[in-house]
Amino acid sequence: MEHIDVVLDLQYGSTGKGLLVGWLAQRRRYDTVVTTWAPNAGHTLIDDTGRKFVHTQLALGIVSPLCKRVLLGPGSVIDPGKLLEEIAGCADLITANNIQITIHPHAAVVQDEHREEEGANPGQIGSTRKGVGAALIDRIRRQLNGNVAINDDQLADYVVSAERYRELLRQSCSVLVEGAQGYSLSMYHGFYPFTTSRDVSTWQILADSGIPFNECKRATFEVYGTARTFPIRVAHRFDDAGRQTENSGPFYTDQHEISFESIGQPQELTTVTQLPRRLFTFSAKQIQEAIQYNGARKVFLNFCNYVQHLGTLLDIVDAIEKGGEARVAVIGFGPTTRDLVDIDNFAEFATLNGSQRRAKILNAWKDYHAKV
């Protein structure tokens with residue numbers, strides 16, 4: 001491998017990873033895309049033509065015109081029906097570019113009993129109830145003929161041996177690794193137990209992808225962190241009588257919960273469960289912790305259109321860049337790749353000084369508000 005880019009959410013998820021991936025795919029010469037996704041998180045991309053992709057299994061980097069292979073790593077959790085549906089939806093891209101879809105034999109598989117288990121016993125922690133946690137537990141039990149990809153007939157056309165998977169990685173030149181969910185939801189580093197069912201970090205994503213450590217040392221390596229101006233969490237759940245039954249978790253001490261109405265925006269719904277999202281003010285503690293732990297040097301700041309005052313936007317940029325480890329490279333003002341603005345001269349990184357970059361943010365802000 002000559003180059004590896006990792007896209008990682010620095011907050012609670014739904015920051016626009018899919019949107020950034022689509023934007024990067026137009027600018028990088030990726031021949032390989034790797035994911036370790038599970039069906040409990042949705043990834044959305046609306047490209048320059050207006051085509052919309054909403055995936056939970058198949059990498060959105062498949063839109064790269066140079067993509068030759070999409071790998072689902074050993075840390076993946078696969079719903080076969082969803083994966084096959086998403087492959088069918090991208091049949092034109094797969095055929096046009098002769099893209100090879102490959103699954104590691106040890107990827108976990110969600111089966112009906114896993115969804116039924118989580119639906120019947122939801123617990124007190126907010127969950128999408130897609131069977132992901134139950135599927136992971138089942139794989140850990142290591143039963144003969146267990147719920148791994150090599151044992152699932154629906155996936156037979158795509159599963160290869162572990163040796164073949166590693167060989168395909170060695171043949172790759174430029175690799176895009178697409179993370180899922182968000183660092184603040186990590187079972188290891190988030191607000192346990194109000195977390196997802198596994199770690200969400202650069203190091204874990206690479207391990208779950210099966211990318212060798214020495215390849216990361218030899219290749220040019222970049223971590224793109226994604227963030228929202230107003231972070232979200234998934235919804236609490238309530239019963240028919242209005243009593244709260246599940247809690248999606250707390251938040252950082254330097255942020256507070258607000259409503260979408262208070263910032264003049266319509267209520268957002270979660271991609272997978274279609275439940276109302278919770279909304280928070282920006283947290284400098286959250287973003288600096290995530291940047292430092294995950295080695296993010298470039299940040300995509302999304303939902304800048306939600307900010308009502310330029311000064312507030314600049315304060316958020318300053319909070320991201322305060323530690324000097326990362327800088328805002330791209331900002332977003334809407335749902336399509338056309339709504340992203342290159343702040344850092346992508347093709348000539350580090351050629352702009354602070355005042356030049358600030359001027360680009362100011363101009364992007366003025367351009368957006370001139371349109372609306």
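Which residues in H9 meet Ala-319, Ile-320 and Glu-321 in H10? The model is predicted: local features need pLDDT of at least 70, side-chain atom pairs count only at pLDDT 80 or more, and totals for chains, interfaces and linings use all residues. Residues are numbered from 1 along each chain as its sequence is written, and side-chain values use heavy atoms, with hydrogens and water left out.

Start with the helix pair. In H9 the residues are Ala-284, Ile-287, Gln-288 and Ile-291. Contact here means heavy atoms within 4.5 Å. Helices (H or I, at least four residues) and strands (E, at least two) are DSSP runs, numbered from the N terminus. Two packed helices are described by the angle between their axes and the distance between the axes. Helix H9 spans residues 284-294 and helix H10 residues 310-321. They pack at about 35 degrees, with axes 8 Å apart. Axes are lines fitted to C-alpha atoms, for helices over the stretch in contact; angles run from 0 to 180 degrees between N-to-C directions. The crossing of H9 and H10 is right-handed: the near helix is turned clockwise from the far one by less than a right angle. By class, the contact has 5 nonpolar, 1 polar and 1 charged residues. Ala, Val, Leu, Ile, Met, Phe, Trp, Tyr, Cys and Pro count as nonpolar, Asp, Glu, Lys and Arg as charged, and the others, Gly among them, as polar.

Now the sheet. Nine strands form an open sheet with mixed pairing, in the order E7-E5-E2-E9-E1-E10-E16-E17-E18. Two strands pair if DSSP finds at least two bridges between them. E7 (100-103) and E18 (340-342) are the edge strands, each pairing on one side only. Neighbouring strands are turned by 20 degrees against each other on average, direction ignored. Strand E10 (220-228) runs parallel to E16 (298-302), over 5 bridges. There, Gly-225 has Val-299 of E16 as its bridge partner.

Return to edge strand E7. The loop between E7 and strand E8 (108-109) holds Pro-105. Pro-105 is buried (under 20% relative accessible area; exposed is over 50%, partly exposed in between, with a 1.4 Å probe and protein chains only), at 6%. Its contacts, leaving out residues up to four places away in sequence, include Val-148, Ile-150, Val-159 and Ser-161.

Last, a hairpin. Strands E3 (43-46) and E4 (52-55) run antiparallel, joined by 4 bridges. Leu-45 stands opposite Phe-53 in E4. Between the strands lie 5 residues, and Gly-50 takes a positive phi near 95 degrees.
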